[in-house]
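Trainee: I would like a close look at a single helix of this model, followed by an account of other local features that deserve attention. Please state the criteria as you go.

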Amino acid sequence: MCGIVGYIGRREALPVLMDGLQRLEYRGYDSAGVALVAGGRTWVEKRKGRLSDLQTVLGNLPSGCRVGIGHTRWATHGRPSYRNAHPHTDTSGRFAVVHNGIIENYAELRAELERQGCVFRSETDTEVIPHLIASCYDGDLVRAVRRAVPRLRGAYAIAVVCQQEPDKIVAVRAASPLVIGLGEGEFLLASDIPALLPYTRQVIVMEEGWLAELTPEGVTLTTVAGEPVQPQVMRVDWEPGQAERGGYAHFMLKEIHEQPRALRDTLTGRLDAATGLVTLSEVGLSAAEVRALRKVAMVACGTAAHAGLVGRYLIERLAGIPVEWDLASEYRYREPLVDEHTLFVAVSQSGETADTLAALREARSRGARVLAVTNVVGSTVAREADWVLYTWAGPEIAVASTKAYSTQVVALTLLAIWLGQQNGRIDPAEASALVSGLQRLPDQAGQALSLEAAVKEAAEALAGHDDVFFIGRNLDYAVALEAQLKLKEISYIHAEAYAAGELKHGPLALITDGVPVVALNTQPDLAEKTISNIQETRARGAFVLGLAQEGDEETARHCDRIFYLPRTHRLLTPALAVIPMQLLAYYAATARGTDVDKPRNLAKSVTVE
């Protein structure tokens, strides 16, 4: 994941590569490296840490090189280290590759290549690519890449250089973005537009399955199979700051729109549509050990805690295992009853949350085995857990979490199904329906984003109020908790979430004429009860915004305004329902003129108790 840069042309390549990588720093990274081709060899330098660390060793590279590739890495397979940093080379060092994304079948390819004598130096999935290309090479780099790429499964963008063909860069896009810059006597490649802007405003956005060949004479674009394509050249007039955000006004909005991709990456390699099974090879519990579990303890803070609450409902429903859900900051103070028959699940976006770490250590001291659900490879939570279920959300810049939350929800959904399959408690037909639903989820997240204009209009009306209430039942209550947190975090509007059945036990005293109530009603088996609660608020003058699945006309009749989600399995609605709620918070905040990406008094990673 993160930043790819390539250059070929009349300038010295290294300064252009480093400038481009600096312009992609906003994407987040933990290591960096470059590869140059000159003098009949491929030169590689890389370092763990920041670009400033890489800068200290660039004097080892020859001057005057006019072809090169560079990379900033956000760790996926293998923790941040020198060996795991990109670029990666084949055994001979002739081929160098940078890669964003995930190679699902890297383990089987690695085993095959090692039998052929290839020597691997890293823990990464990426390293199979240069070895595979080298095994296909017969003097033509483009032909070798065309032979190698069909053997890769997953989502990726790659750029390749080779010492035998020093005047060429070959790149392929499969799901992960790549953009080509067309300059005067020079051509550039990057994973995002900001890296190109100092050199050209003429760009081509590569489409799925395209292969690009960059030489000093120009760019040739085809499909991987070799068929010609007709690219559209686009002129970019963004300012640099806007370009870092992909043209979006804020990182938060960009990250909301990245959720279809983030969900797809988190699901990649973990679903088998043919068998209806979930595959979680990273969780090292046998079926017998899962059957022996007496309970699951789910612990997290803030947004992650709301994802954990979704996980609690799903694990109990699908795996039949009792789940205790706790706020990490409270966990140690109630003498938790856990032992070797407890699976302790720590959910943390950063993997560095102090309260979650303290709870993890407390549970481990009592004999529990620990599974981390986190977005950051090599984080403390990941290192101290027995097993890690990574959420491939990519770096999240805005303080208010969006794509990290939805990928946590999906990861915990996968865990719930997997546990149920391991202990035999889940109905195979339901498991198959859920797997099919999960495969559709990324596209449906894109459909949920189409609500943006209507949600913006409602949010701007909401922005004038001082209080907003959110209600829902079961999974909708869990999403309501996250929705109210987002609204108060970034708009500073007082917001509260209640289980809808609790309205009569106090909150109704706060409902007066015109008070906004956001009612989530996506669970068909609870719809009638939630409608009764909606009616209770409307009888006291509330203005009700409803959220329901497509076709639910009954809920619409009891709301002043309603938003519809694409229809899906009721257990999968949380990952979709949160999207319009995030947009509601975002546009309420922009209407009030707050600093959306950096809300007051809050930090992205909470490393103190």
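Mentor: Helix α12 is mostly covered, since nine of its twelve residues are buried, where buried means under 20% relative accessible area, exposed over 50% and partly exposed in between, with a 1.4 Å probe and protein chains only. The model is predicted, so local features need pLDDT of at least 70 and side-chain atom pairs count only at pLDDT 80 or more, whereas totals for chains, interfaces and linings use all residues. Residues are numbered from 1 along each chain as its sequence is written, and side-chain values use heavy atoms, with hydrogens and water left out. Helices (H or I, at least four residues) and strands (E, at least two) are DSSP runs, numbered from the N terminus.

The buried residues of α12 are A354, D355, T356, L357, A358, A359, L360, E362 and A363. They pack against β17 (295–300), α11 (328–331), β19 (342–348), β20 (369–374) and α13 (380–384), contact being heavy atoms within 4.5 Å. The length of α12 (residues 354–365) can be checked as well: at 1.5 Å a residue its twelve residues should span 16 Å, and the 17 Å between its end C-alpha atoms agrees. The expected span is 1.5 Å times one less than the number of residues. After α12 comes G367, with a positive phi near 100°.

Helix α10 (residues 302–319) can be described in the same terms. Its 18 residues should span 26 Å at 1.5 Å a residue, and its end C-alpha atoms, 25 Å apart, agree with this. Because 13 of these 18 residues are buried, α10 is largely enclosed by the rest of the structure. Just after α10, G320 has a positive phi of about 65°.

A residue of another helix, E482, lies in α17 (residues 475–491). E482 is buried, with a relative accessible area of 0%. Apart from neighbours within four places in sequence, E482 is in contact with T303, H306, S401, Y405 and V578. By contrast, W387 is 95 residues from E482 in sequence and 26 Å away in space, C-alpha to C-alpha.

A helix pair comes next. Helix α3 (residues 106–115) packs with helix α4 (residues 128–136) at an angle of about 50°, their axes being 10 Å apart; axes are lines fitted to C-alpha atoms, for helices over the stretch in contact, and angles run from 0 to 180 degrees between N-to-C directions. The two helices are therefore oblique to each other, as angles under 35 degrees count as roughly parallel, over 145 as roughly antiparallel, 65 to 115 as roughly perpendicular and the rest as oblique. In this pair, Y106, L109, R110 and L113 of α3 meet V128, H131, L132 and S135 of α4.

Some backbone features remain. Most residues other than glycine have a negative phi, and most peptide bonds are trans. The peptide bond from H86 to P87 is cis, with omega near 0°, and P87 is placed in the loop between β4 (67–73) and β5 (88–89). E335, in the loop between α11 and β19, has a positive phi near 50° although it is not glycine; E335 is exposed, with a relative accessible area of 55%. Y492, in the loop between α17 and β23 (494–499), likewise has a positive phi, near 65°, in a residue other than glycine. Y492 is partly exposed, at a relative accessible area of 25%.
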